[in-house]
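Colleague: Please examine this model with me, and define each term when you use it.

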Amino acid sequence: MDKSLIQNNIRKLRFEQDEMTQKDLADKVGVTRQTIVAIENAKYSPSLELAFRIAQVFNVPLEEVFSYHPEADKKRSKKIV
């Protein structure tokens with residue numbers, strides 16, 4: 001299985017925020033706990049709006065929550081050819 005192009009630090013940030021639960025975060029950004037689980041596990045990439053709301057909850061820049069790794073896409077392309 002290929003790595004996701006978008007990686008996140010949500011789990012780490014939740015624990016730095018007095019061990020915030022996935023449900024607490026979900027309630028604060030207006031999604032289900034399952035959505036937060038899927039994002040944390042890189043099974044789902046959030047919309048830009050949701051990504052900004054998550055960053056706002058933690059009071060950090062978007063880049064501290066999410067990172068984009070285009071080199072993973074290059075590896076995928078080579079496998080397809």
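**Helix faces, core, loops and cavity**

Colleague: Which residues on the other side of H4 are exposed?

Modeller: This is a predicted model, in which local features need pLDDT of at least 70, side-chain atom pairs count only at pLDDT 80 or more, and totals for chains, interfaces and linings use all residues. Residues are numbered from 1 along each chain as its sequence is written, and side-chain values use heavy atoms, with hydrogens and water left out. Helices are DSSP runs (H or I, at least four residues), as are strands (E, at least two), numbered from the N terminus; by relative accessible area, buried means under 20%, exposed over 50%, and partly exposed in between (1.4 Å probe, protein chains only). On the other side of H4, the exposed residues are Leu48, Glu49 and Gln56.

Colleague: Within what arc do the buried residues of H4 fall?

Modeller: Leu50, Ala51, Ile54, Ala55 and Phe58 are the residues in question, buried in H4. They line one face of the helix, because the view down the axis places them within an arc (taken from the directions from the helix axis to the C-beta atoms) of 140°.

Colleague: With which residues is Ile54 in contact, leaving aside its neighbours within four places in sequence?

Modeller: Ile54 is buried in H4 and is among the core residues with the most contacts. Contact means heavy atoms within 4.5 Å. Beyond the excluded neighbours, Ile54 touches Ile10, Val29, Ile39, Val65 and Phe66.

Colleague: How wide an arc do the buried residues of H2 cover?

Modeller: H2 has Gln22, Leu25, Ala26 and Val29 as buried residues. They lie on the same side of H2, because around the axis they cover an arc of only 100°.

Colleague: Is Glu19, which has a positive phi, buried or exposed?

Modeller: Most residues other than glycine have a negative phi. Glu19, found in the loop between H1 and H2, has a positive phi of about 55° although it is not a glycine. With a relative accessible area of 54%, Glu19 is exposed.

Colleague: What is the relative accessible area of Ala42?

Modeller: Ala42 lies in the loop between H3 and H4. Although not a glycine, Ala42 has a positive phi of about 55°. Ala42 is partly exposed, because its relative accessible area is 37%.

Colleague: What volume does the largest cavity have?

Modeller: On a 1 Å grid over the protein atoms alone, a cavity is a set of points where a 1.4 Å probe fits but cannot get out, and lining residues have an atom within 4 Å of a point; points are joined across faces, edges and corners, and a volume is the space filled by probe spheres set on the points. The search of the whole structure finds one cavity of 30 Å³ or more. The lining of the largest cavity comprises Ser4, Ile6, Asn8, Ile39, Ala42, Lys43, Tyr44, Ser45, Pro46 and Phe66. The volume of the largest cavity is about 40 Å³.

Colleague: What pattern does the protein chain follow along the sequence?

Modeller: The protein chain has six helices and two strands. Of its 81 residues, 30% are buried. Read along the sequence, the pattern is β-α-α-α-α-α-β-α.

Note on methods:
A nonpolar core is a set of buried Ala, Val, Leu, Ile, Met, Phe, Trp, Tyr and Cys residues joined through side-chain atoms within 4.5 Å. On a 1 Å grid over the protein atoms alone, a cavity is a set of points where a 1.4 Å probe fits but cannot get out, and a pocket is an open set with protein on both sides within 12 Å along at least five of seven lines; lining residues have an atom within 4 Å of a point.
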